[in-house]
Amino acid sequence: TYAKMATVSLGFNIDSPRWDQSTFVGRLKHFLNITDPRTVLVPEEELDRAKALVEGCRAGLVPPGSNQEQLLYAKKLYDSAFHPDSGEKMNFIGRMSFQVPGGMAITGCMLQFYRTLPAVVFWQWVNQSFNAFVNYTNRNAASPISLRQIGVAYVTATGAALATAVGLNLYTKRAPPLLARWVPFAAVAAANCVNIPMMRQQEIINGITVTDENNNELGRSRRAAVKGIAQVVLSRITMAAPGMIILPIIMERLEKFTFMQRIRVLHGPLQVLLCGGFLLFMVPAACALFPQRCSLALADLEVELRDSIMAKHGDKVLYVYFNKGL
C-alpha cells in the first residue's frame, strides 16, 4: 500500500524501455517480454499489485526492500495487461499475451476444418469474433467508438472473411489440394484489411492525438491515424502468414505417410500445437515490425495542423509522435 511506501532513488525510469525501440531487435525483445503467454495465468490480484507498484514508482515511491528485478517484472505484467493510453485493464481475450493460446486454437481449427462449407463458415465467424475483441482492445483509446460502429465493423469484417473463404472454397474445388488449404489465410488477410480500419474508424474520421518528442500535445491528425492503422494491418497479416502458409505445406507432405493416415484423429491437435509454435515467435515479431510510438514528418501532416504547429513552434518540431495501437 502507498502508506507503507518510502521514497527511493533507484537511478532508473520505470517507463524507459529496457531495449532500444529504434531497432527491430530491441522491439522484438520488448514484445517477447510483454506478449509472454505465461502472463495470461497471472491472477487478477497480482496484476493489480503490479499496477500499483508501477504507478507508485512513477511517483518516486516503492515498497521498502523492493529491487530493480521486482520492479521490472511488475512493469512486464503492467504492459501485458493494461492499455498504454488509458491505463485500464484490458479484457482477457484482447490482450496480446492471449494471442498465442487463443490464436493457436482458432488457426489450427481453421486449417484443419477447411473442406466443408459449414466448417469454413463457423471457424471464420469464430476467428472474426476473436479479432473484433483484439482490435477493439488494442485501439488508440483516445478515440472512442460507439456500439453501433463496433457492430457495423464486426458484421462487415465477418462478411468479408466469409465471402472470401466461401468464394475461394468453391473456386478451389477442382484446384490442387494445397490451394484449398491456403483459403483460410486469404480470408484472414482480407478480413484484417476490413476489420481493423472499421473497428478504428473514429481515428480516421476525427484523427488521433499527436505530440512532440517530449509528449506535449500538438493536435489531432487523420493522416497519423491512417499510417498507424496501415502498419497494424500489415503486422496482423504478417503475424498469421508463416503458420497459415507454411503449415499447410507441412501437413500436405505429412499426410502422405502411412502412419499419419492411421492417426487422422490427431491431425487437428497436431495443427493446433504447430500453430502455437509459429505464433510463439510471430506474435512478438509482427508487433515489432514497426515502433509502437510511431512518428510522422511535419511535412506529411494535414495543411491546417502543419500550419498551426509552425505558427506556435516555428521550425522546432520536425516530427510528431503517436501511439499506433497493436
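Leaving out neighbours within four places in sequence, Gln128 is in contact with Tyr154, Ala157, Thr158, Ala161, Ala191 and Asn195, where contact means heavy atoms within 4.5 Å. Gln128 belongs to helix H5, residues 117-137; helices (H or I, at least four residues) and strands (E, at least two) are DSSP runs numbered from the N terminus. With a relative accessibility of 0%, Gln128 counts as buried. Throughout, buried means under 20% relative accessible area, exposed over 50%, and partly exposed in between, with a 1.4 Å probe and protein chains only.

The model is a predicted one, in which local features need pLDDT of at least 70 and side-chain atom pairs count only at pLDDT 80 or more, while totals for chains, interfaces and linings use all residues. Residues are numbered from 1 along each chain as its sequence is written, and side-chain values use heavy atoms, with hydrogens and water left out.

The secondary structure of the protein consists of 13 helices and six strands. The radius of gyration is 22 Å, close to the 20 Å given by the globule rule for 326 residues, so the protein is as compact as a globular protein of that length. The radius is taken over C-alpha atoms, and the rule is 2.2 Å times the number of residues to the power 0.38. The C-alpha trace spans about 65 × 50 × 35 Å along its principal axes. Of the 326 residues, 48% count as buried. Among contacts between residues at least 6 apart in sequence, 77% join residues at least 24 apart.

The accessible surface of the protein amounts to about 16,200 Å², and 63% of it belongs to carbon and sulfur atoms. Accessible areas come from the Shrake-Rupley method with a 1.4 Å probe; for residues, only the protein chains shown count as cover. There are 33 positive and 23 negative side chains, and the centres of the two sets are 10 Å apart. Lys and Arg count as positive and Asp and Glu as negative, without His and the chain ends; each charge is placed at NZ of Lys, CZ of Arg, CG of Asp or CD of Glu.

The domain assignment gives domain 1 (6-82) and domain 2 (96-206 + 225-289), with bounds from an automatic or database domain assignment. The C-alpha centres of domain 1 and domain 2 are 30 Å apart. Twelve residues from domain 1 and 13 residues from domain 2 take part in the contact.

In helix H1 (residues 24-34), the buried residues are Gly26, Arg27, Leu28, His30, Phe31, Asn33 and Ile34. The cover over these buried residues includes helix H3 (68-81) and H12. Val42 is found in the loop between H1 and helix H2 (44-58). This residue, Val42, is buried, with a relative accessible area of 11%. Not counting residues up to four places away in sequence, Val42 touches Leu47, Tyr73 and Leu77. Val42 and Ala81 are 39 residues apart in sequence, and their C-alpha atoms are 9.9 Å apart in space.

Pro291 occupies the loop between helix H12 (267-287) and strand E5 (293-297). At a relative accessible area of 30%, Pro291 is partly exposed. Apart from neighbours within four places in sequence, Pro291 is in contact with Gln21, Arg27 and Lys324; one of these, Arg27, is among the buried residues of H1. The C-alpha atoms of Pro291 and Cys109, 182 residues apart along the chain, are separated by 32 Å.

Phe133, like Gln128, is placed in helix H5. Phe133 is partly exposed at 42% relative accessibility, whereas Gln128 is buried at 0%. With residues up to four places away in sequence not counted, Phe133 touches Asn91, Ile93 and Gly94. Between Phe133 and Val232, 99 residues apart along the chain, the C-alpha separation is 15 Å.

Most residues other than glycine have a negative phi. Asn215 has a positive phi of about 70° although it is not a glycine. Asn215 lies in the loop between strand E3 (208-211) and strand E4 (217-221), and is exposed, with a relative accessible area of 54%.
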